[in-house]
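Me: I am new to this structure and would like to go through its salt bridges with you. Could you show me the sequence and the model?

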Amino acid sequence: MPTSSSSRRWTTNRARRISAVVWDLRALLNSRETLAESVRELIPAFTTATESVDLRADHPYEYASLYAELGALALLAGAAEAGESLLARAVEIDERQPAAETWLVLAQIAQGDGATGTMPSVVDEARDPLWTISGGIDTAGVVNLMLGEIDTFTERFPEHNDAVADFRTMLEGVETETT
């Protein structure tokens with residue numbers, strides 16, 4: 001019978017393997033957009049796998065990140081509704097997920113929702129003083145991360161350039177405030 005420590009280690013390793021496969025699928029999708037339908041078909045299985053590695057107690061940030069990675073993959077594969085659900089779950093688990101929050105807005109935009117209710121709170125997240133005092137990243141770094149996620153989305157879906165323009169402008173305004 002596995003010990004609690006070995007069980008946690010197994011769960012953490014499984015989560016890392018799922019994350020690695022999700023990132024590999026994202027890279028594959030980036031190089032071969034024709035695989036989008038096949039990737040969309042895998043999302044439910046990866047969702048089930050993610051739910052099976054509950055890291056909330058010991059590693060909430062990593063658990064939330066796993067949902068965020070899967071949500072971004074779903075969105076990039078054209079499954080905006082599934083992506084939104086997974087990204088909302090990521091933010092519910094850990095609200096300090098600027099990339100997940102950005103992708104959540106993008107998922108709402110992809111579905112035709114202007115994300116007007118979500119967008120201001122995500123922009124406020126970039127302004128949060130926590131980022132400056134945390135030592136790991138500052139406001140400019142958070143904004144650059146968010147803008148990079150928008151770039152990834154609009155490279156894949158250029159038809160949404162106009163729809164994300166306000167979001168991009170709001171984030172660029174935060175970037176200007178910090179310089």
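Me: What distance, N to O, separates the side chains of R96 and E125 in their salt bridge?
Reply: This is a predicted model, in which local features need pLDDT of at least 70 and side-chain atom pairs count only at pLDDT 80 or more, while totals for chains, interfaces and linings use all residues. Residues are numbered from 1 along each chain as its sequence is written, and side-chain values use heavy atoms, with hydrogens and water left out. A salt bridge here is a side-chain nitrogen of Lys or Arg within 4 Å of a carboxyl oxygen of Asp or Glu, and for R96 and E125 the N to O distance is 3.0 Å.

Me: How many residues apart in sequence are the parts that R96 and E125 tie together?
Reply: Helices are DSSP runs of H or I with at least four residues, numbered from the N terminus. R96 lies in the loop between helix 4 (80–93) and helix 5 (98–110), whereas E125 belongs to helix 6 (residues 119–127), so the parts they tie together are separated in sequence by 29 residues.

Me: Is E125 buried or exposed?
Reply: Buried means under 20% relative accessible area, exposed over 50%, and partly exposed in between (1.4 Å probe, protein chains only). R96, at 24% relative accessibility, counts as partly exposed. Because its relative accessibility is 8%, E125 counts as buried.

Me: Which residue is linked with R96 and E125 in a network of salt bridges?
Reply: R96 and E125 meet in a salt bridge. The network that links them also includes D128.

Technical notes:
Helix = DSSP H or I, 4+ residues; strand = E, 2+ residues; numbered from the N terminus.
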